[in-house]
Structure formats: structure tokens, C-alpha cells
Amino acid sequence: MEKDRKEEPYGLVMVIGNGFDRNLGLPTSYQDYIKSKYWPFPNSINEKKDDCDYGLGAYLNDIQYVDRWIDVEEQLHKYCSAKDPALQKYLNKDILSEEEKKKITGSSSITSKIEMDYRKTKLLEKDRKDYELLCSYFFNYLNFMDYSDIKPNYPAARLLSALSDKIDLLFTFNYTDINKAIDYLGCVPIDPGNIIYVHGSIHGESVARNNPSVENSTPILG
């Protein structure tokens, strides 16, 4: 009985990593993001604000030379663990103004413990805000990306052109919309329900509605 049963053929399963969209020609590097109008942390003299010289946003401005997202995630880890000596100027930044001291105690006199506790709280709030800005602006940057930058002759594009109609299941570590790329190349789209966004989807239910594993998912950065 077992021998007579026909085996179902395996379908084509593809896994694409972080460099795939860049090989398509899409500007998805960290450098591309910080040079865009979507970068949320003012970093020029003219744009400088009092609340931009400390915290996560200021730290990220100082490491703009980093190109790969995996390196940015490593920097987020270093910042959170506070093991890097370079972080001390942010963690120890005197961010408590005379007005704030008076607001807390009624005078400019304040104990070191109260000041340190307040500074830690304020830094935590600033870091949370900066991280949310980093993520939301990046995902907006990707959502409004111009897919006409795709290079049809690059290896990733040639691979999609040859296999898009044969892919039964796609695991992608990217946030970009793979079907937008496929549509630009004039190829057969992949069933949205067969696309697994490993780090979460930025595309909403309209793309992921047929796939319970990513429906309503939240993108993960870091």
C-alpha cells in the first residue's frame, strides 16, 4: 500500500537575505536612509536643536559611516548595553536645565540622587522616542521607495525573472515588497499568502491577509 502511494513533488522554496534587495538595485542601506529626507535626527548645524545632542538619535548621528543594517543593529545593542566607552558622553550628558531643576524642587538646588534619577528617566524617554522615530521613518522610507531603481540585469533581478512563477514559498529577511519588484520586472507575482516576512511585514493586511503567520505583524528592527 505504502509503495503504491505516489509521492507529492516538493515545491520551490526560496530564502532571500538582507542583501537581496540591495542587489536588485534598491537603495535600502543605512547610508541611503540617513541621506534621505526621511532621516529623523537633525544632524547639521542649521538643524541642531537642544534635544538632539544626547540620547540614541545623537549616538546614531555619530556613526553615520556605518553602511550595513546588521552593523546598525550591533550599534543598538552596544548602546543598550552601555559597554562602549563612547556612550558615556550621552549617558552622562548634563541634560537638566535650571528651569527643570526649579520645576522639580522649586529652586535651582537639587541633590545629586534626585538629579541622576531624573536624568535617567529623561534619557530613557528620549531613547524610546528616538527608537520609535528610527523605525517608523525607516518603514515610511521603504513604503514610498521608488522601485524604478531596480536593475534588471543584476543577479537578483535575473533570478526573480526566471523563478517568480515557480516559487511556492518565499522566506524573506527584507522589509521591501518583493511583489513590487516582480511587477516592475514584468514577471508573474508570488501569491502574497506564500510570502513569509521573517522580520515582520510593513505592508499591512492587504498583502499578508492570507498568511496567519505574518498578518498584523509588526516589523522588527534590532
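Student: What makes α8 and α9 count as being in contact?

Tutor: Contact means heavy atoms within 4.5 Å. In this predicted model, Ala-157, Leu-160 and Ser-161 of α8 meet Ile-178, Ala-181, Ile-182 and Leu-185 of α9.

Student: Which classes do the residues in this contact belong to?

Tutor: Six are nonpolar, one is polar and none is charged. Ala, Leu and Ile count as nonpolar, because the class list includes them.

Student: Why are α8 and α9 called roughly perpendicular?

Tutor: Two packed helices are described by the angle between their axes and the distance between the axes. The axes of α8 (residues 155-163) and α9 (residues 178-185) cross at roughly 80° and come within 10 Å. Roughly perpendicular covers 65 to 115 degrees. Therefore α8 and α9 are roughly perpendicular to each other.

Student: Now the loop between α1 and α2. Why is Thr-28 called buried?

Tutor: Buried means under 20% relative accessible area. Thr-28 has 5%, so Thr-28 is buried.

Student: What makes the link from Thr-28 to Asp-21 a polar contact?

Tutor: The cut-off for the N or O atoms is 3.5 Å, and one atom must be able to donate a hydrogen and the other to accept it. The two side chains make their polar contact at 3.3 Å. Thr-28 also touches other residues, including Trp-69, Leu-142 and Thr-176.

Student: On to the rings. Why is the pair of Phe-138 and Tyr-175 called edge-to-face?

Tutor: A pair of aromatic rings is described by the distance of the centres and the angle of the planes. Rings pair if their centres lie within 6.5 Å, and planes over 60 degrees apart count as edge-to-face. Phe-138 and Tyr-175 have 6.0 Å centre to centre and 90° between the planes. Hence the name edge-to-face.

Student: Which parts does this pair tie together?

Tutor: Phe-138 lies in α7 and Tyr-175 in the loop between β2 and α9, so the pair ties together parts that are 37 residues apart in sequence.

Student: What makes Phe-139 and Tyr-175 an edge-to-face pair?

Tutor: Their values are 5.3 Å centre to centre and 65° between the planes. The cut-offs are within 6.5 Å and over 60 degrees.

Definitions and conventions. Residues are numbered from 1 along each chain as its sequence is written. This is a predicted model: local features need pLDDT of at least 70, side-chain atom pairs count only at pLDDT 80 or more; totals for chains, interfaces and linings use all residues. Side-chain values use heavy atoms; hydrogens and water are left out. Axes are lines fitted to C-alpha atoms, for helices over the stretch in contact, and angles run from 0 to 180 degrees between N-to-C directions. Helices (H or I, at least four residues) and strands (E, at least two) are DSSP runs, numbered from the N terminus. Angles under 35 degrees count as roughly parallel, over 145 as roughly antiparallel, 65 to 115 as roughly perpendicular and the rest as oblique. Buried means under 20% relative accessible area, exposed over 50%, partly exposed in between (1.4 Å probe, protein chains only). Rings of Phe, Tyr and Trp (its six-membered ring) pair if their centres lie within 6.5 Å; planes under 30 degrees apart count as stacked, over 60 as edge-to-face and the rest as tilted. Lists of a residue's contacts leave out its neighbours within four places in sequence.
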